Amino acid sequence: MIGTQNARLKTIPEWRALQRHFDEIRDVHLRDLFEADPGRADFMTIEDVGIIFDYSKNRATRQTIDLLIHLASARSLQERIHAMFSGQKINTTENRAVLHTALRAPASERIFVDGENVIPEVHLVLERMADFCVKVRSGQWPGHTGLPIRNVVNIGIGGSDLGPVMAYEALRHYSLRDMTFRFVSNVDGTDFAEAVRDLDPARTMFIVSSKTFTTLETMTNARSAREWLVGALGDPAAVSRHFVAVSTNARAVSEFGIDTANMFGFRDWVGGRFSMDSAIGLSTMLAVGPDRFHQMLGGFRAMDDHFRNAPLERNIPVIMGLLSVWYSDFFGAPATAILPYDQYMKRFPAYLQQLVMESNGKSVTTDGWPVDYETSSIYWGEPGTNGQHSFYQLLHQGTRLIPVDFIGFANSLNPVRRHHDLLMANMLAQAEALAFGRTPDQVRASGVPERLVPHRTFAGNRPSSTILLDHLDPAALGSLVALYEHSVFVQGVIWDINPFDQWGVELGKALAEKIIPELESEEESTLCHDASTNALIRKYRKMKVS
């Protein structure tokens, strides 16, 4: 099990060797690293799975990579990879296997959990999803009034929203354009109201995604959707033709009014933030069709195979994960910027926020000991070139070191004049500028007045990795998502934390359940919080329109 046999991280020789090495190179500039090693760009580029991963603009040497690989070996990374893929219960706090990789495994594979081969069920669900999607997409699935369904609203939150909306936006080019797709997650009524404002109820289907069918935000929105639909169509029986569920709670699904024949499930060994290629991806399959959904699964599977089989030193998720540890724990970098140079990838940074920070935002080891090192980086970003006119100023000349992942595609899905060359030129230029900057002498040589030289100087030495693919298609998206999934896992192994639970989201939810009836009551005796919270509840009650 992850971490149970590990010594304290900062006490092991491999960590101490990295600390000594960091002290030697911490102030070395990327300009000097490139000058000292003419073959650096070739050595620090890995090409596989349709991805070119260039990490040569990172503040690391060949020795750094060797030492990081030794650290990974000392933390038994290869054994942990095998444990995950083979169905061992590496989610120790919940005593669960971690098998999102089984969701894209071929039908011939055999993976056992508690003595059961889980692969046949995975493919049975995929077949049921495909059959359903073919009927809806072709217009063969009539709504309650006999009209075909042309609008789909996905209701979920967290992984059951961020994955589907990211995948829909990323693959919008391949979507069925006579269908409308909307996504509702926020319990704020505005989210639901705006999503359905211009939709025809007779042509609208809701996908309610909640494994337990009890998630507060999801079920609140689902009940509002049912009221909206029944109010418009005038018959509660309409629910069975306009709602489907992604859940495992058949009783609750049936009580809601959804036919359990239209319920698609997944097991507890699939975490929400790792679930976009499970039944949670039903809206994705409806949008792009079963064939392209399977192409996406193929991209996931290709990266899975690379992660399992490539040597650590030529393994893209391994190197990416180890560099994240290098920056978090040695350079003290607080954040990582994700900068996709493709408008279709606009929701990818938000998707990674949950994937990374909910996974590795932990402060105790798997054995429950407080960590004495930094864990997850803060992930954020926006598409280029928009971000260049927003926050890149801080990346270039701010006081904080923020490593960057640039993601680009050699070919545009929408070639318009010179747009794509301009886009990619900006991406490559930003990486170059971050790495090498501009010295005061270079600034002076360009004719800048002396008083402005400090303002026009770029220190450089800001690290970045560049991920380049041919074009954005379903397989490419699958490979990219799996790349980050596995990078997260690598970081968790090094830090000896459990990336697959999320107890930190529970306390606020539990307190909200207590506060809800207090906001709807005038009973003073019900208030038993801290003074600030009690005062805010009283003020809210006074301000609220009855």
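In the predicted model, the bridge partner of Val208 in strand 8 is Ala245. Residues are numbered from 1 along each chain as its sequence is written, and side-chain values use heavy atoms, with hydrogens and water left out. Because the model is predicted, local features need pLDDT of at least 70 and side-chain atom pairs count only at pLDDT 80 or more, whereas totals for chains, interfaces and linings use all residues. Helices (H or I, at least four residues) and strands (E, at least two) are DSSP runs numbered from the N terminus; two strands pair if DSSP finds at least two bridges between them.

Strand 7 and strand 8 run parallel and are joined by 4 bridges. On strand 9, the bridge partner of Ala245 is Met263. From strand 8 the chain passes through helix 11 (residues 250–256) to strand 9 in a right-handed β-α-β crossover, that is, with the strands pointing away from the viewer, the path from the first strand over the helix to the second runs clockwise.

These strands belong to an open sheet of 5 strands with parallel pairing and the order 6-5-7-8-9. Strand 6 (180–184) and strand 9 (263–264) are the edge strands; each has a single partner strand, so one side of each lacks a neighbour in the sheet. Strand 8 (residues 243–246) and strand 9 run parallel and are joined by 2 bridges, and Val246 has Phe264 of strand 9 as its bridge partner. Helix 7 (residues 159–170) packs on this sheet in contact (heavy atoms within 4.5 Å) with strand 5 (151–155), strand 6 and strand 7 (204–209), and its direction makes about 150° with that of strand 6. Axes are lines fitted to C-alpha atoms, for helices over the stretch in contact, and angles run from 0 to 180 degrees between N-to-C directions. Helix 9 (residues 216–233) lies across strand 5, strand 6, strand 7 and strand 8, at about 160° to strand 7. Strand 8 is covered on both faces: Phe243 and Ala245 on one side, and Val244 and Val246 on the other, are all buried (under 20% relative accessible area, 1.4 Å probe, protein chains only).

A further open sheet comprises 6 strands in the order 1-2-13-12-10-11, with mixed pairing. Its edges are strand 1 (45–48) and strand 11 (378–380), each with a single partner strand, so one side of each is left without a neighbour in the sheet. Neighbouring strands of this sheet are turned by 15° against each other on average, direction ignored. Strand 10 (residues 335–340) pairs with strand 11 in the parallel sense over 3 bridges, with Ala335 opposite Ile378 of strand 11. Helix 14 packs on this sheet, touching strand 1, strand 2 (51–54), strand 11, strand 12 (404–409) and strand 13 (464–469), and its direction makes about 30° with that of strand 2. Helix 15 (residues 348–360) also packs there, touching strand 10, strand 11 and strand 12, with its direction at about 165° to that of strand 11.

The axes of helix 4 (residues 62–74) and helix 14 (residues 316–331) come within 10 Å and cross at roughly 100°; the two helices are therefore roughly perpendicular (65 to 115 degrees). Thr64, Ile65, Leu68, Ile69 and Ala72 of helix 4 meet Val318, Ile319, Leu322, Leu323 and Trp326 of helix 14. In helix 5 (residues 77–85), the buried residues are Leu77, Arg80, Ile81, Ala83, Met84 and Phe85. The buried residues of helix 5 pack against helix 4, helix 13 (290–309), helix 14 and helix 20 (474–495).

Note on methods:
Parallel < 35°, antiparallel > 145°, perpendicular 65-115°, else oblique. Buried < 20%, exposed > 50% of the residue type's maximum accessible area, 1.4 Å probe, protein only.
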